[in-house]
Amino acid sequence: MSRTPSSTVTGTVYIVGSGPGDRDLLTLRAARLIGEADAIVYDHLIGEGVLDLARPNAERIYAGKESSRHSVPQEKLNQLLVRLARTGRKVVRLKGGDPFVFGRGGEEIETLVDSGIPFEVVPGVTAAAGCAAYAGIPLTHREHAQAVAFATGHLKDGTINLDWPSLARPRLTVVFYMGIGGLAEICRQMIAHGLPPDHPAAVVQNGTTSRQRVLTADLATLPARVDAAGITTPALIIVGTVVSLQQKLAWYPPPASGPAEC
Ligand code: SAH
């Protein structure tokens, strides 16, 4: 929803989700706004070729955000968006996936609201949806899962503070974002809270891109398999019996087209 500009010189900030990697998964609205922007503040996980849609003279500002090193502290970033908008420019804040799914979109908007800066939010394909589709793992399925949960597997002080009893349930698919560093702990907790050790689980690395890797196993064996395969971030963990469909439903990259291009 757009808000009324507080002065004629104030630009608008568009908080834009850019999807999980494949540039073709941008919404039409995201592609149009990127092409019109005067300034683009972008994250680490922006798909290849997305910034090529920007005008040559658009200012491009890298904001970082790898899990272990935040190039620009969040508060500085919030203030940067305010400053750019106050110069009257059209600002696109480009985020991986969807801005409102583990994207801190809410925090950035709060500063804009407090500063009277007009803004709009453009949803994107979140990594769970993109990776599940490109891996051939339906997140829900009438015979497997009637609900799906998105959780963060980000470690805080060496532990993952999640409501394990509500996640370790049958007929539920759980997708863990930012969980690869805590994979062993996640699998251990899911078993400790009642799921069988042979409950299917998968990891998708670089989903929707030409570098996509999918590894399926079960809760007991996934951590060692992922270690052995050298899978690192960005990767999603998908836990649920829907993972058992992957072998049959995998389609990407399409055989006719060979490796996908971003
Ligand atoms: N707002 C984003 C999520 C940001 S958190 C969204 O809606 O998708 C960053 C985490 O997302 C990564 O640590 C990883 O778990 C996941 N992720 C993002 N892109 C991914 C991709 N292409 N493949 C696998 N996981 C991805």
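Predicted model: local features only at pLDDT ≥ 70, side-chain atom pairs only at ≥ 80, totals over all residues.
I'm taking partly exposed to mean a relative accessible area between the buried limit, under 20%, and the exposed one, over 50%.

**Entry 1: the overall search.** I searched the whole structure for salt bridges and got 10. I then picked out a few to look up one by one.

**Entry 2: Arg-55 and Asp-38.** I found these two side chains meeting in a salt bridge, 2.8 Å from N to O. The pair links distant parts of the chain, 17 residues apart. I placed Arg-55 in the loop between strand E2 (39–43) and strand E3 (59–64), and Asp-38 in the loop between helix H1 (28–36) and E2. Buried or exposed, or something in between? Arg-55 has a relative accessible area of 27%, so I log Arg-55 as partly exposed. Asp-38 comes out at 26%, so Asp-38 is partly exposed too.

**Entry 3: Asp-43 and Arg-93.** Here the closest N and O atoms of the salt bridge are 2.9 Å apart. Asp-43 sits in strand E2 and Arg-93 in strand E4 (residues 91–95), so this pair ties together parts that are 50 residues apart in sequence. I checked burial as well: both Asp-43 and Arg-93 are buried.

**Entry 4: Glu-185 and Arg-188.** The side chains of Glu-185 and Arg-188 form a salt bridge at 3.3 Å, N to O. Both lie in helix H6 (residues 183–192), three residues apart, which is about one turn of the helix.

Technical notes:
Residues numbered from 1 in each chain as written. Heavy atoms only, no water. Salt bridge = Lys/Arg side-chain N within 4 Å of Asp/Glu carboxyl O. Helix = DSSP H or I, 4+ residues; strand = E, 2+ residues; numbered from the N terminus. Buried < 20%, exposed > 50% of the residue type's maximum accessible area, 1.4 Å probe, protein only.
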